[in-house]
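Student: I would like a close look at one part of this model: the aromatic contacts. Please take me through them and then through whatever lies around them.

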Amino acid sequence: MAALAVVSAVGLVVDDRVLVGAPIWAKPFKFSVSFVAYCLTLAWMLTLLTRGRRIGRWAGHVVVLTGLIEMVIITVQVVRGKRSHFNTATAFDSALWNAMGMTIVVLWAATLVIAVLLLRTRITDRATALAVRGGLLIALAGAGLGFLMTLPSETPQAAGNFDAADTMGAHSVGVPDGGPSMPLTGWSTTGGDLRAPHFVGMHALQLLPLLLIALVLLAPRFARLRDAGVRLRLMRVAVGGYAALVALITWQALRGQPLIHPDGVTLAAAGAILAAVACGTWRALRPTAPARPSRTAAEQEPVA
């Protein structure tokens, strides 16, 4: 995947073709970089297993194989100048799209197996256990959101010279794919885009463990963070807040609303989540009152 990222980066420079409103090599570049982060994180998580290591190793092999098949299909379609996702224009295109759908289902199931193994394994540090398990579960939910994109789109025509009969599914909600979009991500700025919650959800796999690593690194400088209980409470707030964020932007996308143009209701919900996270963080960092010593038997006897 790292090698393919380099190849795709070269393609972005030397190949000026555009497909569905984006440089044609942008998709393999973004996917290969994402797979690098995904597989490195899973590889680290597999080292935490105390039992079921053989099953975990085979699940890891399945992730590698299905990810490779996915990227081969995407790259083949780039070379042909065709869409890889949602493309049913010809029997060959449809066969490749169906194969991609099957590989992603298998990849998701293999990740689920790794998540179950990590839920059952004993991780001594409770904050680490929460970061790993919470990140995996939110990532599975985020990956599952990708299946919403494969449902028949209500948009009458997809962009990129594809009519409704040539596609099955879409990234955008309420507008055709390929319209005005955000830089780098390519997410729609005129309608909802399911890639936003899909991306944010999947990368909980990296961001939550990275947050815990940051707390551990900051512990020597901040006395409160040296307390394992404080780190655990902060991770609880982070996992809850992250899950709420994924739910919010999923709801926003399904209503056909661009990520960068939220309405008043979305802003109010975001404010409530932010307030809850701020309150939870304050409570997590607040010093706990020392336990009151128990009264002795003599002290408990009533005075005559």
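Tutor: Phe-86 and Trp-97 are both buried. Keep in mind that this is a predicted model. The structure holds two aromatic pairs, and these two residues make one of them. Their ring centres are 5.2 Å apart. Their planes meet at 70 degrees, so the pair counts as edge-to-face. An angle over 60 degrees is what that label needs. Now place the pair on the chain. Phe-86 is in the loop between helix H3 (53-80) and helix H4 (91-120), and Trp-97 is in helix H4. The pair therefore ties together parts that are 11 residues apart in sequence.

Turn to the other pair. Trp-187 and Phe-199 are also edge-to-face, at 5.7 Å from centre to centre and 65 degrees between the planes. Phe-199 has 45%, so Phe-199 is partly exposed. The cut-off for buried is under 20%.

Stay with helix H6. The helix spans residues 195-202, and its buried residues are Ala-196, Pro-197, Val-200, Gly-201 and Met-202. What covers them? The cover includes helix H2 (26-46), helix H5 (126-145) and strand S4 (192-193). Helix H7 (204-218) and helix H8 (228-254) are also part of that cover.

H7 and H8 lead on to a pocket. The second largest pocket has a volume of about 350 Å³. Its lining has 19 residues, and the closest to its centre are Gly-241, Leu-245, Ile-273, Leu-274 and Val-277. The elements that give two or more residues to this lining are H7, H8 and helix H9 (264-285). H8 gives the most, with nine residues. By class, the lining has 15 nonpolar residues, four polar ones and no charged ones.

One more ring deserves a look. The charged end of Arg-255 sits over the ring of Trp-251, at 3.8 Å from the ring centre.

Phe-86 and Trp-97 are both buried.

Note on methods: Residues are numbered from 1 along each chain as its sequence is written. This is a predicted model: local features need pLDDT of at least 70, side-chain atom pairs count only at pLDDT 80 or more; totals for chains, interfaces and linings use all residues. Side-chain values use heavy atoms; hydrogens and water are left out. Buried means under 20% relative accessible area, exposed over 50%, partly exposed in between (1.4 Å probe, protein chains only). Helices (H or I, at least four residues) and strands (E, at least two) are DSSP runs, numbered from the N terminus. Contact means heavy atoms within 4.5 Å. On a 1 Å grid over the protein atoms alone, a cavity is a set of points where a 1.4 Å probe fits but cannot get out, and a pocket is an open set with protein on both sides within 12 Å along at least five of seven lines; lining residues have an atom within 4 Å of a point. Grid points are joined across faces, edges and corners, and a volume is the space filled by probe spheres set on the points. Ala, Val, Leu, Ile, Met, Phe, Trp, Tyr, Cys and Pro count as nonpolar, Asp, Glu, Lys and Arg as charged, and the others, Gly among them, as polar. Rings of Phe, Tyr and Trp (its six-membered ring) pair if their centres lie within 6.5 Å; planes under 30 degrees apart count as stacked, over 60 as edge-to-face and the rest as tilted. A charge sits over a ring if NZ of Lys or CZ of Arg is within 6 Å of the ring centre and within 35 degrees of the ring normal.
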